Amino acid sequence: MRLAWREALLAFRRAPMLSALSITTIAFSLFAFGLFGLVALNIRKALIEVEERVEVRAFIVDGSTSEQTGAAIADVRAFPEVATVTMVTPEQALERARRELGEFKDVFDPGILPASLDVRLKEGYRDPQTVKAVAERIKTYDFIDDVRYGEEWVQKLHRIRDISTLAGTLLGLTFAAVAIIIIGSTIRMAVLARAREIAIMRLVGATDAFVRSPFLIEGALKGFLGGLLALVLAWGANEIIGRFVFRADFFDVRLSLLGVLGGALIGLLGSALSVGRHLRDV
Amino acid sequence: MIRFTHVTKEFPRTGFALRDVSFHLARGEFAFLTGPSGAGKSTILKLSYLDERPTSGEVKVAGTSSVTITGSDVPKLRRKLGIIFQDFRLLEDRTVEENIAFALEVTGAARDAIPARVGKLLTQVGLAAKGMALPRELSGGEQQRVAIARALANDPMLIVADEPTGNLDERATRGVFQLLRDINAAGTAVLMATHDLELVRQAKFRTLELNHGQLVFDSGEPAPVAATGDDA
């Protein structure tokens, strides 16, 4: 293993330009991946913020007793999907409507708005089906007049989320494939450049695993360094955007580490695919 | 040490390289392989270190049969052999010492033991003072000596040499050949392909002559030595 590491590092020293070129190419494809990742991350964050506002509003029939509503609040609060239940009196509803409608605040007369239960759902339970199910369950109470939850809006929100997840996955896979192909071809060049050495290794009795391991290490190292460079580039791009356009979230430490390790894994995969195929020709 | 039994080798594009070749090289024996270019000498050598497999027949080398060998057994076999080529096949960007150490390292020799072993091998081939030189700084004869030292690194039972003096002048040829004789005298079998008929005539070792892929002459196996047995 020690020799394999030495041989892999020697490959960098012997062909520094080629190594730098492949690391840079890998870095740029991972950088493109990273930029899209940042966009996806920020879209996701924005969607989560919007999602937090998903609420089921159950209007209470006039004249319901506070015992009835008190029991109902306790009941609904016990639903596994429910995060909070807030009782909104007609006065509070009026105040809120006036606050939200600004210049039209005077259109409402006192007592025109009914009391309601505002139900917010836990994260992970804000999909259209769950929201609808909770709304229908609340509707079964006698003293509930009507339940509103912006069905169309919730569905649209989830469609946007599904599309952005799908697009993110597809683009991610595309960039990963590009990086694998790039690493594969640089390893192919390395294999061909060292064909003589490989032939000698085999003649003196090196096993295939032994011949392969320096190339695998080389690929993983290139992927790792490319990933690191891509992270620095993405950070720089994020800073520039933050300064001149708008402040966006950057990857946290866990995601950054995952990205760099992902680069190493892509490098390993690219070289494994390439070495397996090309060693047979040497 | 080597036993060819009705070996035929056919390549898909170039046709037959060997037809029904049978011979046996005993442990510790020295044999020349002669014949014109394209006669099949290199094919016999490649079959000997199982770089090629026979189309039919069986090659048995150091107890390993071409019929039963698996891919992972090939490196094990190669470690019992030393292989030498006309063009030396040294790593140009490494010193003489590193070239020899490389053969030991790839076969998993103990790291601590490598420098002493390399020094001993260099002394054996007469290049003790050239350990730090790069191959291009050496003469052809010296480069072939380095290749021989590398071939000896793992204490082989058999040296397979493909025209080892083909690129050398007469003086260097004599030196390299003497070295191979010394190695043989110490008990290692040698199978050497050569065009140098003068060398063959002078040395009086067993000669196998090939022509058009067939064994057309065998000067004969030496008289059996007690306890040698069938050691292929």
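The secondary structure of chain B amounts to seven helices and 10 strands, where helices (H or I, at least four residues) and strands (E, at least two) are DSSP runs numbered from the N terminus. The model is predicted: local features need pLDDT of at least 70, side-chain atom pairs count only at pLDDT 80 or more, and totals for chains, interfaces and linings use all residues. Residues are numbered from 1 along each chain as its sequence is written, while chains are lettered from A and ligands numbered from 1 in the order in which they are written.

The overall dimensions come next. The C-alpha trace of chain B spans about 45 × 45 × 40 Å along its principal axes. Its radius of gyration, taken over C-alpha atoms, is 17 Å, which agrees with the value near 17 Å for a compact globule of 232 residues; the globule rule is 2.2 Å times the number of residues to the power 0.38. Of the 232 residues, 44% count as buried, meaning that 20 or more other C-beta atoms, placed from the backbone, lie within 10 Å of the residue's own. Among contacts (C-beta atoms, placed from the backbone, within 7 Å) between residues at least 6 apart in sequence, 69% join residues at least 24 apart.

Chain B is divided into domain 1 (1-80 + 158-225) and domain 2 (87-155), with bounds from an automatic or database domain assignment. The centres of the two domains, taken over C-alpha atoms, are separated by 23 Å. Across the boundary, 10 residues of domain 1 are in contact with 12 residues of domain 2. On the domain 1 side, helix α6 (residues 170-185) gives the most, with five residues. The residues of that side divide into seven nonpolar, two polar and one charged; Ala, Val, Leu, Ile, Met, Phe, Trp, Tyr, Cys and Pro count as nonpolar, Asp, Glu, Lys and Arg as charged, and the others, Gly among them, as polar.

An open sheet of six strands runs in the order β6-β7-β8-β3-β9-β10 in chain B, with mixed pairing; two strands pair if DSSP finds at least two bridges between them. The edge strands, each pairing on one side only, are β6 (81-85) and β10 (214-218) of chain B. From one strand to the next, the twist averages 20 degrees. Helix α1 (residues 41-48) of chain B packs on this sheet, touching β3, β7 (158-162), β8 (189-193) and β9, and its direction makes about 150 degrees with that of β8(B). Such angles run from 0 to 180 degrees between N-to-C directions, the axes being lines fitted to C-alpha atoms, for helices over the stretch in contact. Within the sheet, strands β3 (residues 30-34) and β9 (residues 206-211) of chain B run parallel and are joined by four bridges. T34(B) stands opposite E209(B) in β9(B).

Notes: Contact = placed C-beta atoms within 7 Å. Buried ≥ 20, exposed ≤ 12 C-beta atoms within 10 Å, placed from the backbone.
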